[in-house]
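This briefing concerns the chain shown below.

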Amino acid sequence: MSGVSQPSLSPQQRKDRARTRRDQPEPGRPKTEQVSAADKPGLKARQVAAKLLGAVIEQQTSLDGLTDPDHGHPHFRQLEARDQGLVKAILLTALRFRGTLTQEIAARLDRPLPSNATALNHLLHVAAAQIRFLDVPDSAAVDLAVTAAEADPRTRRFKGVVNAVLRRMTRELGGAEVTTEPAIDCPNWLLERLIAAYGEPRAKAIAAAHRMPAPIDLTVKTDPEAWAERLGGQVVSGPSIRLDATTQGSIASLDGFAEGKWWVQDASAALPVRLFGDLTGKTAADLCAAPGGKTAQLVLSDATVTACEASKSRAKRLVANLTRLAHDAETLIGPFQETLGDRTFDAVLLDAPCSSTGTLRRHPDVGHTKSLDDVRRLAEVQRKLLDAAANHVAPGGTLVFSNCSIDPIEGEELVKAFLAERKDFTRRPIEPTELPGFDKAVTSDGDLRTTPEMLSAIGGIDGFYASRLQRVG
Ligand SMILES: C[S@@+](CC[C@H](N)C(=O)[O-])C[C@H]1O[C@@H](n2cnc3c(N)ncnc32)[C@H](O)[C@@H]1O
């Protein structure tokens with residue numbers, strides 16, 4: 001679980017959080033002590049940040065994978081915890097504002113960088129993200145970038161350029177608000193998809209929402225009002241509460257975590273299971289279950305639950321989460337098409353793997369690691385999974401299909417094609433009154449469609465899609 005303090009910062013929050021003293025001398029170290037360039041405090045963190053930025057941009061590697069505490073990049077894992085926090089903050093910010101930083105850097109170069117100067121480019125972006133958005137002294141950001149440039153044979157000859165560009169940046173932009181259009185920070189392929197799906201004004205609003213870090217939402221087992229007050233947050237809808245941005249400490253240190261009273265789950269991700277209604281005495285299958293937020297909801301709604309998860313490592317997380325919550329569910333490890341045989345259930349949830357384009361606020365790397373081809377490929381995976389899932393729905397039973405993509409190819413269009421083919425299923429439209437606070441997210445077809453600019457007054461929401469289907473034959 002990540003810490004509560006958000007590592008990535010919006011322009012409004014710039015330089016007032018992520019307080020780090022890593023650029024100061026180590027406690028007890030005399031200020032006059034000479035340190036070699038390689039030992040400069042904070043240098044390693046900047047070098048790792050530049051390397052990881054390269055892995056995201058050039059190899060389309062996911063940031064979660066690179067910064068995983070157990071399986072992440074070895075250089076990242078070697079860092080101290082607070083340097084890991086700084087690296088994550090730099091990368092989230094550098095990716096969230098990539099278009100803006102690219103423009104601001106380019107405007108301060110005498111001539112464009114050679115196209116193969118990728119290492120140099122990443123180094124500049126890492127420093128620029130600190131200068132523009134993080135609570136790191138500008139002088140330290142510049143000095144460490146120059147030292148890093150000098151230490152790398154690929155960038156050594158550009159040391160002077162790094163120094164000049166970044167110094168100009170601190171002089172000309174120090175303390176200035178971001179004035180670029182939000183769309184500049186949305187990767188082109190994604191912006192085009194958003195405009196095609198939602199029209200230009202809404203696509204731009206979504207792009208603006210992507211610049212804001214996501215708040216932390218919890219799903220509580222009981223009494224949302226009381227828990228919101230106890231943890232210093234507010235009720236969003238149903239069992240979802242939102243923590244205040246000033247909440248301090250790690251998630252695990254918060255009241256009620258150890259006792260399993262709640263779990264972390266964006267309020268929009270908690271909506272699909274609510275579409276089943278009361279499941280007392282019914283059987284339910286969560287076909288794509290890990291890490292288990294929705295399985296936990298199904299257990300809470302008093303169903304007898306079977307949770308399927310194809311990935312062994314993710315199944316471990318699922319089991320650990322259910323254990324902490326003292327939630328009882330049958331857990332089957334392997335693709336549900338193989339583990340379920342011909343079993344059928346009253347309620348089936350298919351929360352399918354997707355492009356995750358609805359989660360850019362917390363995963364700004366997604367726009368850079370995914371492409372339209374990935375969206376299409378994942379839609380095809382979902383089509384097959386939906387077809388297979390349908391066979392596990394008992395006659396009269398309900399199938400909820402959901403995912404966190406905001407591309408209709410993975411949502412509305414997929415369900416339309418499914419219903420055209422499977423005459424044994426019909427849509428059971430969602431009534432706007434079913435999901436208080438989310439009535440505007442119910443489409444004219446009766447599906448659920450959230451996009452990140454919704455609920456902006458309280459910090460936005462992840463993009464999500466869900467459709468409720470009923471087996472009639
Ligand atoms: C979007 S995530 C599910 C998130 C989860 N429902 C939650 O709310 O915590 C999709 C999950 O489906 C799993 N998965 C993919 N294909 C699967 C299959 N055929 N059978 C079971 N699990 C599968 C993936 O490993 C991944 O953990």
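Is Gly 341 buried, partly exposed or exposed? The model is a predicted one. Gly 341 has a relative accessibility of 48% and therefore counts as partly exposed, since that class lies between the limits of 20% and 50%.

**Gly 341 and its setting**
- His 392 is 51 residues from Gly 341 along the chain, and the C-alpha atoms of the two are separated by 8.9 Å.

**Helix H8**
- Helix H8 covers residues 159-173, and its 15 residues should span 21 Å at 1.5 Å a residue. The end C-alpha atoms of H8 are 21 Å apart, in agreement with that expectation.
- The residues Val 162, Val 165, Leu 166, Met 169 and Leu 173 of H8 are buried.
- Viewed down the axis of H8, the buried residues fall within an arc of 90°, so they line one face of the helix.
- An α-helix has 3.6 residues a turn, so residues three or four places apart point the same way.
- The cover over the buried residues of H8 includes helix H5 (98-106), helix H6 (118-133) and helix H7 (138-151).
- Gly 175 follows H8 and has a positive phi, near 80°.

**Annotated span**
- An unreviewed UniProt entry places the feature "domain: SAM-dependent MTase RsmB/NOP-type" at residues 194-472.
- In the model, residues 194-472 are 31% helix and 22% strand, and the end C-alpha atoms of the span lie 34 Å apart.

Conventions:
Residues numbered from 1 in each chain as written. Predicted model: local features only at pLDDT ≥ 70, side-chain atom pairs only at ≥ 80, totals over all residues. Heavy atoms only, no water. UniProt positions renumbered as here; feature names shortened; annotations may be inferred. Helix = DSSP H or I, 4+ residues; strand = E, 2+ residues; numbered from the N terminus. Expected span 1.5 Å × (residues − 1). Buried < 20%, exposed > 50% of the residue type's maximum accessible area, 1.4 Å probe, protein only. Arc of directions from axis to C-beta. Contact = heavy atoms within 4.5 Å.
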